Amino acid sequence: MVNAGIELLDMDAVQLQSTPLRARRVIVRLEGAAVVFHSTNLRVRTRTSTQKGLLGYVTFGPQARGTMNGMPVRPDLMLAVEPETEVGFVADAGYESIAFLLPPQDISAHLSVRQREGEFRLPHGVETLNVNAEMVRGLFDWGKRLVDIAAREPALFDNRKEQRVAAHIELIETLLATLGGASDFEPARSDQSLQTQSLIVKTVEDYALLHTDDHLYVSDLCRVAAVSERALEYAFKKVMGLTPVAYLIRLRLHRVRKALLAATHGSTTVSTEALNCGFWHFGEFSRAYKDCFGELPSDTLRRKPATSSGRPQAD
């Protein structure tokens with residue numbers, strides 16, 4: 001279910017460890033705004049995009065570690081994300097985040113009435129904000145309490161508009177208080193180096209996604225990224241914790257799984273989808289698939305896709 005699309009965020013995820021993945025996502029909709037919680041038990045690489053008309057503010061849990069577009073993720077940081085912007089995360093095991101999604105005009109309207117309109121500007125792409133650590137922890141904690149209540153008692157928000165309105169008011173007040181002392185974050189030199197390595201990885205990944213049917217060589221990846229083999233290897237190990245070849249294999253395994261889960265009865269076979277993604281040795285493919293997902297590809301094909309009820313749920 002990690003790759004299942006929702007109308008608030010477009011997400012694509014690839015796990016980076018060979019153990020069955022358990023991820024959780026809870027969505028609470030609040031009268032035009034939404035609060036989205038994510039957690040994972042394994043190291044994963046995600047590429048997430050906010051949709052048109054929704055500005056995102058992202059906070060992180062106390063154990064959250066990883067990178068965002070190459071920048072280190074820490075519990076005391078806060079992200080501002082422009083609508084229709086893709087963000088690349090590498091999240092370590094134990095990662096938790098909460099995204100607060102709302103129309104930009106909601107923020108600007110409230111600040112205008114309070115004569116604070118000079119404090120708001122639409123972020124360009126993804127911006128890291130330097131926010132008071134205690135305030136950003138308070139914002140995360142508020143969102144986590146809301147998510148826990150909604151997951152435990154969804155009827156409170158599904159059936160009672162007054163609860164959604166009250167929570168929306170609290171969201172605006174807590175968010176504006178947190179943003180009040182925010183300033184632009186200046187990355188350290190080591191962080192800038194990690195951003196460069198993350199860009200190398202993203203360039204290669206974009207190319208690989210467009211050529212999933214091809215047999216790619218490391219030479220192809222070096223050419224696309226315009227870097228040496230040593231630089232490519234270093235970037236992948238630093239950002240992903242994998243070699244370029246190992247990551248590309250993992251990426252292709254996920255593409256096979258996605259195709260098998262989407263297949264209808266009799267529409268395809270395991271061998272067909274494996275060949276489509278460049279696997280020709282079926283024995284090695286099946287072993288790698290089971291190591292990654294905890295089941296054989298034939299088991300995935302036989303299993304019907306899960307359906308969503310539209311209520312807050314743990315995926």
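Reader: Of the contacts between residues at least 6 apart in sequence, what share joins residues at least 24 apart?

Author: In the protein chain, that share is 74%, where a contact means heavy atoms within 4.5 Å. The model is predicted, so local features need pLDDT of at least 70 and side-chain atom pairs count only at pLDDT 80 or more, while totals for chains, interfaces and linings use all residues. Residues are numbered from 1 along each chain as its sequence is written, and side-chain values use heavy atoms, with hydrogens and water left out.

Reader: How many helices and strands are there?

Author: The protein chain has 11 helices and 12 strands. These are DSSP runs numbered from the N terminus: helices are H or I with at least four residues, strands are E with at least two.

Reader: And what percentage of the residues is buried?

Author: Of the 315 residues, 46% count as buried. Buried means under 20% relative accessible area (1.4 Å probe, protein chains only).

Reader: Turning to helices, at what angle do H1 and H4 pack?

Author: Helix H1 (residues 104-113) packs against H4 at an angle of about 70°, and their axes lie 11 Å apart. The axes are lines fitted to C-alpha atoms over the stretch in contact, and angles run from 0 to 180 degrees between N-to-C directions. H1 is therefore roughly perpendicular to H4, a term covering 65 to 115 degrees.

Reader: Which residues make that contact?

Author: H1 contributes Asp106, Ile107, His110 and Leu111, and H4 contributes His168, Ile172, Leu175 and Leu176.

Reader: What about H8 and H10, at what angle do they pack?

Author: Helix H8 (residues 244-262) and helix H10 (residues 282-293) pack at about 85°, with axes 11 Å apart. That angle makes H8 roughly perpendicular to H10. Residues in this contact include Leu253 and Leu260 of H8 as well as Phe285 and Phe293 of H10.

Reader: One last topic: which residues of H7 are buried?

Author: In helix H7 (residues 229-239), the buried residues include Leu232, Ala235, Phe236 and Val239. They sit on the same side of H7 because they cover an arc of only 95° around the axis, taken from the directions from the helix axis to the C-beta atoms. Just after H7, Gly241 has a positive phi of about 75°.

Key. Buried < 20%, exposed > 50% of the residue type's maximum accessible area, 1.4 Å probe, protein only. Parallel < 35°, antiparallel > 145°, perpendicular 65-115°, else oblique.
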